[in-house]
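Please find below a colleague's note on the model under review. It is arranged as numbered points for reading beside the coordinates.

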Amino acid sequence: MGFPQVIAAFHAMHDMIGLPGNLLVIVVIILESRFHVMQYDVLLASLALSDFLLLILVNSFRSKSIAQEHWLYGQTMCYLNPFFVRYFYINTVLHLVTVSYNRYLAIVKSPLTYDGTITKTRVAFIALIWIIPVIPVSIGPFFLGWGKYTYNPELITCEQGWALDLQGSKIKIHESIIVAPIAIIVMPFLVILFLNVSVYKTASRQINAMVVQVCGPVDAEITQQQEMVSRRLRDRKAAVDVTIITAAFLVCFIPFWVTSICRLFFPGIDVPAEADLATTCIFFLSTICNPIIYSIRKREFRSAVKKMFRRIGVCQDSNENDIV
């Protein structure tokens, strides 16, 4: 078994874990009515749908082609493959920014007035997350001179051929190198970092203040204060969850981005095809991270999964308590 076949096996593993994992997240949130109320939970289901479609529309085609060491699905699908990669990357980043801002509104900016319940306006906003990425992804390669999609037999896939349209224009190449990372990586994740750090600090400060009050003299409001402390603990935990999800995505994406930038914009740097295939495989690893994180970090999700399995007779009732 050669290196491409090993990489293809890992891509197949992503499908085997990621497809049922993300589908489970979607089904659980759809079936459990308590997850229908808050925008935060609906956004997580939408993010799981994004990962699910990325595996179907991109990873499945690549795994079989890499195993055979040539593209099996024709020119049209070869063009669509990198289109979907770029689309779902932007889609995921928008989801992460929106989830972080949702927590920021609830805890930092408007803790007394914020209502995170689902409304028609918020449903329309989630729909925009799916519509907005189409614009830069579809227009850029074909109308703005950023390079067209071309087949690369060395990598057994199609990619955006930046160098084809930008040769002889070093200024444009360098501008692309500077602007693209800021636009698609640095700025969104700086925003996410700021929002989640603010949420964590605010929730921690509120928890400390409430604990002091709860530890004081017992009065009629002690139960309400304890409930507020519990709520802030959940808020802080939600902020940590979003940070972990974002960090996992970055860890998976950055190696792929570095090798792509070096190969496309710095022809003097010899990037082996094996390195590109490996980092692309790591990028798709991000599609299986979220279900694992939810299973470990979200007690409500674990309880809902057990409840769903009990409904269909897969597991028996249990009195065991989940560990937070």
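1. Basis. The model is predicted: local features need pLDDT of at least 70, side-chain atom pairs count only at pLDDT 80 or more, and totals for chains, interfaces and linings use all residues. Residues are numbered from 1 along each chain as its sequence is written, and side-chain values use heavy atoms, with hydrogens and water left out.

2. Annotated segments. The unreviewed UniProt entry gives the annotation "transmembrane region" to residues 6-30, 42-63, 83-102, 123-144, 177-200, 238-257 and 277-296. UniProt positions are given in the numbering used here, feature names are shortened, and annotations may be inferred rather than shown by experiment. In the model, residues 6-30 are 100% helix and 0% strand, with end C-alpha atoms 36 Å apart. For residues 277-296 the figures are 95% helix and 0% strand, with 30 Å between the end C-alpha atoms. Helices (H or I, at least four residues) and strands (E, at least two) are DSSP runs, numbered from the N terminus.

3. Disulfide. The whole structure contains 1 disulfide, a term that denotes a pair of cysteine sulfur atoms within 2.5 Å. The bond joins cysteine 78 to cysteine 158, with an S to S distance of 2.0 Å. Cysteine 78 belongs to helix H3 and cysteine 158 to strand S2, so the pair ties together parts that are 80 residues apart in sequence. The torsion about the S-S bond is about 110°, and the disulfide is therefore right-handed. Both cysteine 78 and cysteine 158 are buried (buried means under 20% relative accessible area, exposed over 50%, partly exposed in between, with a 1.4 Å probe and protein chains only).

4. Cysteine 252. This residue is in no disulfide; the nearest cysteine sulfur, that of cysteine 289, is 4.2 Å away. Cysteine 252 is buried, at 4% relative accessible area.

5. Asparagine 81. Helix H3 also holds asparagine 81, which is buried at 0% relative accessibility. Apart from neighbours within four places in sequence, asparagine 81 is in contact (heavy atoms within 4.5 Å) with Leu57, Val58, Phe61, Arg62, Trp71 and Thr157.

6. Aromatic rings. The search finds 16 aromatic pairs. Rings of Phe, Tyr and Trp (its six-membered ring) pair if their centres lie within 6.5 Å; planes under 30 degrees apart count as stacked, over 60 as edge-to-face and the rest as tilted. Tryptophan 71 and tyrosine 73 have ring centres 5.8 Å apart and planes at 80°, so this pair is edge-to-face. Tryptophan 71 is buried at 12%, whereas tyrosine 73 is partly exposed at 27%. Tyrosine 89 and phenylalanine 253 are stacked, 4.5 Å centre to centre with 20° between the planes. That pair links helix H3 with helix H8 (residues 222-265), 164 residues apart. One aromatic cluster comprises Tyr89, Phe189, Phe249, Phe253, Phe256, Phe283 and Phe284.

7. Backbone angles. Most residues other than glycine have a negative phi. Which phi value does glutamate 69 have? The angle is near 65°, a positive value. Glutamate 69 is in the loop between helix H2 (39-68) and helix H3 (74-109) and is partly exposed at 45% relative accessibility. Isoleucine 156 has a positive phi near 60°; it is in the loop between strand S1 (148-152) and strand S2 (157-161) and is buried at 4% relative accessibility.
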